[in-house]
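Hi,

Here is the structure I promised to pass on.

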Amino acid sequence: MNKTFFYSALVVAYLALSKTFSPDNSGVEYVRRTQDLEKIIKRVPAEAILLQTQSKGFLIKTYYQRYKIVYGFHPPREIVVRTKRSFADYSSNFQGMSLFRKRVGGTVETTPLPPGSLFIGNRQFGRWIFKDNDYSWAFYRAYQGFPRLFGWFGFNPTRSFFKKLLEFEKKGVPFHGENNDFGKNGTITAKFIKNTSNKDGLNSVRVRTLFNEYLKLNYTY
Amino acid sequence: MEEILDRFILRILFVGFTCLLLFFYRYAHYIFYPPGKRQLKKIFDPVTNPSNTLHYLSRILGITLIFSGLEFNYFYSLPVGIMNMLIIASVTVALYLSSIYLTESIILYKFDYSDEVLKRENFSYSVINLALNISLALLIKQIVSEAENSLVILFLLWLYSMVIFGFTTKLFPLYSMFNFNQQLIQKNMGLALSYSGFILGNTIILTLAFDQDHYDITSYSIRIILKILLSSILVPIFIIVLHRIFSIKEKKVLKREGHKINPQDSVGMGLTEGILYLSAAILTSMIVYKINLSTIIPFN
């Protein structure tokens, strides 16, 4: 009885210590809520777009999120963070959307909005042009790559879109676009995520290919 | 040709240098291991008392194991290299003898060297000392290699390893059917064999736990503890499996059949316990240290 108790305690202690200290993830930041991204994103203006949420582990799960950080005046980068389950569940509805924005001066906004929201309407980065009976947003030549970074795929933000964006932002309510274009079920986001997901990873290697390679390497003269 | 001769002469000089270190080790006993003074005062007679011979020679075997890990690199100049080697060797000698003194005071606190070895010629006591001395030597050799010429880190790792080593030795009653103190007084060889297997098995796990990449001492210490905890979970599984697969009678069955810990039966029991523990520890070390799962990273 004593030995069984001791053994069970040992297993629990090991799992608890491993989960608490996670030595394999010592370089990965832990994010409890969107505001915590501020400790990772130092430069301004910047916007964090959620690309993917993933859980690892069989019984004790660890949740990871992959973000694309788009800076106004610096090259973009991707980061991987650890997070808690409730936040992972909540934010998975806003995949492909901007979850965190930091303006010049340090103001932070965390209402989920379509990607690129921080830069639309900012005269430093682009201008409104009249086209097809409406005004649409166009980035300056130096920022022509931004729509590709945001995964817009031909989407042109209009004045009416921008007005709604500001309204939702003011109210603090998530905005998925005028026709639900962005987010988990968004049509534009679906294309964007398909494009950014890592398909060349080890998981996609087929056993048959590996076996053929092995035969070729070892038994071909 | 001259270069070959130079290298040959240098190697001969290093033989002399190693002999000097051994000479220093002999007299370091006076400071760091006072109980060993009696063995050093006069010419040692290996024939009269075999348990004393084993007790004495086990420390020679230990220091040779440690010295086998010393390295000389001709980076700057010969004197600098030799000085570095001398400092590391001296500190290692001090740590090794202090470790032996500490473990004897903690593990064998109820026994005295002069009573057990000189008067009672307790061979079982000497076999346990042999296992302890070899284990400590392997452990210190590992931490010297991990410290990478830093004396501060070497001292910290030594303290850390001693605490863990001391803790693991206290787990023996959980594993064995032998009552350590009682059977050691009775000069039980079975106990010595069982304990030796237990200590050497633990040493394999501990030395491999220290053999990890380290950039940050806190993270390194945590990883060591986690690896040891994981090993302590896996070792009992392997022991049970080895018993079952190779149809070896378990302790419960032996007790039920009326076998008692007497000089006839205990050697077999001790051998079984010792060898199975050592085998389980080696298999565990393979599972814990050779199967690398830390490369499972998200979004791959």
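**Chain B: domains and helices**

Chain B is divided into domain 1 (1-149) and domain 2 (171-300), with the bounds coming from an automatic or database domain assignment. Before going further: this is a predicted model, where local features need pLDDT of at least 70, side-chain atom pairs count only at pLDDT 80 or more, and totals for chains, interfaces and linings use all residues. As for labels, residues are numbered from 1 along each chain as its sequence is written, while chains are lettered from A and ligands numbered from 1 in the order in which they are written.

Back to the two domains. Their C-alpha centres in chain B lie 26 Å apart. Across the boundary, 16 residues of domain 1 of chain B are in contact with 17 residues of domain 2 of chain B; "in contact" is used when the C-beta atoms of two residues, placed from the backbone, lie within 7 Å. On the domain 1 side of chain B, the residues touching domain 2 are ten nonpolar, four polar and two charged. For those classes, Ala, Val, Leu, Ile, Met, Phe, Trp, Tyr, Cys and Pro count as nonpolar, Asp, Glu, Lys and Arg as charged, and the others, Gly among them, as polar.

Chain B has 13 helices and zero strands. Helices here are DSSP runs of H or I with at least four residues, strands are runs of E with at least two, and both are numbered from the N terminus. The C-alpha trace of chain B spans about 75 × 70 × 35 Å along its principal axes. Of the 300 residues in chain B, 34% are buried. The cut-offs: buried is 20 or more other C-beta atoms within 10 Å of the residue's own, exposed is 12 or fewer, and partly exposed is in between, with C-beta atoms placed from the backbone. If you count contacts in chain B between residues at least 6 apart in sequence, 78% join residues at least 24 apart.

One helix pair in chain B is worth a look: α10 (residues 189-210) and α13 (residues 263-290) pack at an angle of about 5°, with their axes 6 Å apart. That makes α10(B) roughly parallel to α13(B), a label that covers angles under 35 degrees, with over 145 being roughly antiparallel, 65 to 115 roughly perpendicular and the rest oblique. Axes are lines fitted to C-alpha atoms, for helices over the stretch in contact, and the angles run from 0 to 180 degrees between N-to-C directions. The contact of α10(B) with α13(B) has 19 nonpolar, eleven polar and one charged residues.

V144(B) counts as buried because it has 23 C-beta neighbours inside 10 Å. Beyond its neighbours within four places in sequence, V144(B) is in contact with G69(B), I88(B), T92(B) and L154(B). One of these, I88(B), is 56 residues from V144(B) along the chain, yet their C-alpha atoms are separated by 8.1 Å.

**Chain A: strands**

In chain A, six strands form an open sheet in the order β1-β4-β3-β2-β5-β6, with mixed pairing. Strands pair if DSSP finds at least two bridges between them. At the edges stand β1 (30-31) and β6 (108-109) of chain A, each with a single partner strand, so one side of each has no neighbour in the sheet.

Over at β5, strand β2 (residues 46-56) of chain A pairs with β5(A) in the antiparallel sense over four bridges, with A48(A) opposite F100(A). Five of the five residues of β5(A) are buried, so that strand is largely enclosed by the rest of the structure. Two bridges join β5 (residues 98-102) of chain A to β6(A), running antiparallel, and K102(A) stands opposite V108(A). In the hairpin of β5(A) and β6(A), which has five residues between the strands, G105(A) takes a positive phi near 105°.

Finally, six bridges join strands β7 (residues 126-131) and β8 (residues 134-139) of chain A, which run antiparallel. W128(A) stands opposite W137(A) in that pair. β7(A) and β8(A) form a hairpin with two residues between them, and D132(A) in the turn has a positive phi of about 50°.

Cheers
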